[in-house]
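These are my notebook entries from a first reading of a structure that is new to me.

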Amino acid sequence: MSIKVDENKIEEILTRGVSEVIDLKHLREKLMSGKKLRVKLGIDPTSPNIHIGRAVTLLKMRDFQELGHEIIFVIGDFTGMVGDTSDKDSERPMLSEEQIKKNMKNYVEQTGKIINIKKAKIEHNSKWLKKLNFSEIGRLANQFSLGEFIARENIRKRLEEGRHVSLRELLYPLMQGYDSIATKVDVELGGTDQRFNLLAGRTLQEHYKQEAQDILMTNLILGTDSRKMSSSWGNTINITDKPEDMFGKVMSISDDLIITYFVHCTRIDMDKIRGYEKQLLLETTNPRDIKMELAFEIVKIYWGEKGAENGKKYFVSVFQKKDLPDEIQEYKLAGKNIVDVLVETNLATSRGDAKRLIEQGGIEIDGEEIKSIDIIVNRNSIIQKGKRFFVKIV
RNA sequence: GGGAGCGUCGCAUAGCGGCAAUUGCAACAGACUGUAAAUCUGUCGCCUCACGGCUUCGGAGGUUCGAGUCCUCCCGCUCCCA
């Protein structure tokens, strides 16, 4: 397969959602040369879900793939067990082998929503990392000084606070760097938080007489609550989220993030995005409408046109028109008391919780707010809790 | 090797021996809104309409009318000095 040398596309790859490229000039020349590049992305299966923040680099990988370059996923089945600390302000737990295996399976599946997996190469880094012995690790470790490790902000902060920093964490960049040697890559992608680890790859490759990889760092995006998107904050939009959820979650981001999301999480034409940007400045535009477009585009990537339609329909009917959703989970609980029904349908966690919800006016049956806990639920009633949760009793 | 300390509701944090236990985040409900945003209000161990009852603070014992709080042992974790 031939390599496309499209100057505009290449420029977009190098800039869109990108915070820094090292070495920019070098990478641009390589891309323009028509040579097939080996492009790597390391993913550690540390949590079961990929969120759209992480997908930023995946989309970038796809861009490379579309130009015909070889893309390589290094699944961190080994590094995942060690745990990276780059994007964390506390130590990452070491995961068990079982947990890793489970996550790994999901990851490949999820990645397939964005990337053509069949054409990509998938490697597991246990393959080579397992074999390293102490003398080799010592040789790798010799390339770095404690000083540069400590200089990293999050590590320094933890040290200053008297928190625990384990030696094991020091090893992480070595391993990621070694991945680059083992896979002989030309380019590695990662989020800005990966800077240190990515650079380690360059250092080590040179030590092993390979040409140093270029690195391309993508921006991290903010989550639904405008803090950094992270699984531990619970503010993620996951790429496995159902279309309705995904659509709604996108709708709930801050208006300020609309353009950023367009740039990072979709592949809508940059010109069109600039158009949206102008529109947003006008008094007459309702940011909601543009956000709807955004939500549609994002859902489309993961669920296709149809999924996007459904997500939108759900949002419009349930939240804007306050109608019922098309599909409601059914339970065979007709004739039971409302409190029991709430508990058995998991709308409430306990009887006390159910009573509180009713007291607070949070429960409606067939659109009527109920005031008493002594209500028997009839067949074919629709119970609604708050705005988002519906259940049908049959 | 020496010293100090920690383990509390999903996470994080408070708790002179009278506590179902503080505060922040998350979560949930209500109001408001273009919005599942922001903001404001409320709720947030279990059972009870309620009075109230029951089970909780790493584990096992003990002291006490009473223990998250004191003592002993065990388990897990951390920091400092060398």
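**Entry 1: Ile117**

I began with Ile117, which counts as partly exposed because 15 other C-beta atoms lie within 10 Å; a residue is called buried with 20 or more other C-beta atoms within 10 Å of its own, exposed with 12 or fewer, and partly exposed in between, the C-beta atoms being placed from the backbone. I noted that this is a predicted model, in which local features need pLDDT of at least 70 and side-chain atom pairs count only at pLDDT 80 or more, while totals for chains, interfaces and linings use all residues. Residues are numbered from 1 along each chain as its sequence is written, and chains are lettered from A and ligands numbered from 1 in the order in which they are written.

I found Ile117 in the loop between helix 5 (97-111) and strand 4, where helices (H or I, at least four residues) and strands (E, at least two) are DSSP runs numbered from the N terminus. Leaving aside residues up to four places away in sequence, Ile117 touches Val108, Thr111 and Gly112, a contact being two C-beta atoms, placed from the backbone, within 7 Å. I also looked up Tyr261, which is 144 residues from Ile117 in sequence and 24 Å from it in space, C-alpha to C-alpha.

**Entry 2: Chain A and its sheet**

I recorded 17 helices and 11 strands in chain A, and 34% of its 394 residues count as buried. Its C-alpha atoms fill a box of roughly 75 × 45 × 40 Å along the principal axes.

I then traced an open sheet of 6 strands, in the order 1-6-5-2-3-4 and with mixed pairing; two strands pair if DSSP finds at least two bridges between them. Strand 1 (18-22) and strand 4 (121-124) are the edges, and each has a single partner strand, so one side of each lacks a neighbour in the sheet. Strand 3 (residues 70-75) runs parallel to strand 4 and is joined to it by 4 bridges, and I looked up Ile75, whose bridge partner in strand 4 is His124. Helix 3 (residues 55-66) packs on the sheet, touching strand 2 (38-43), strand 3, strand 5 (187-191) and strand 6 (214-218), and its direction makes about 155° with that of strand 5; axes are lines fitted to C-alpha atoms, for helices over the stretch in contact, and angles run from 0 to 180 degrees between N-to-C directions.

Most residues other than glycine have a negative phi, and most peptide bonds are trans. Lys209 has a positive phi of about 60°, sits in the loop between helix 11 (195-207) and strand 6, and is exposed, with 7 other C-beta atoms within 10 Å. Lys322 also has a positive phi, near 60°; I found it in the loop between helix 15 and strand 7 (330-331), and with 10 C-beta neighbours inside 10 Å it counts as exposed.

**Entry 3: Around RNA strand B**

Which residues come nearest to RNA strand B? Of the 35 residues around it, they are Gly248, Ser252, Arg288, Gly362 and Gly386, where near means a C-beta atom, placed from the backbone, within 6 Å. Helix 12 (243-251), helix 15 (287-320) and helix 17 (351-359) each supply at least two residues of this surface.
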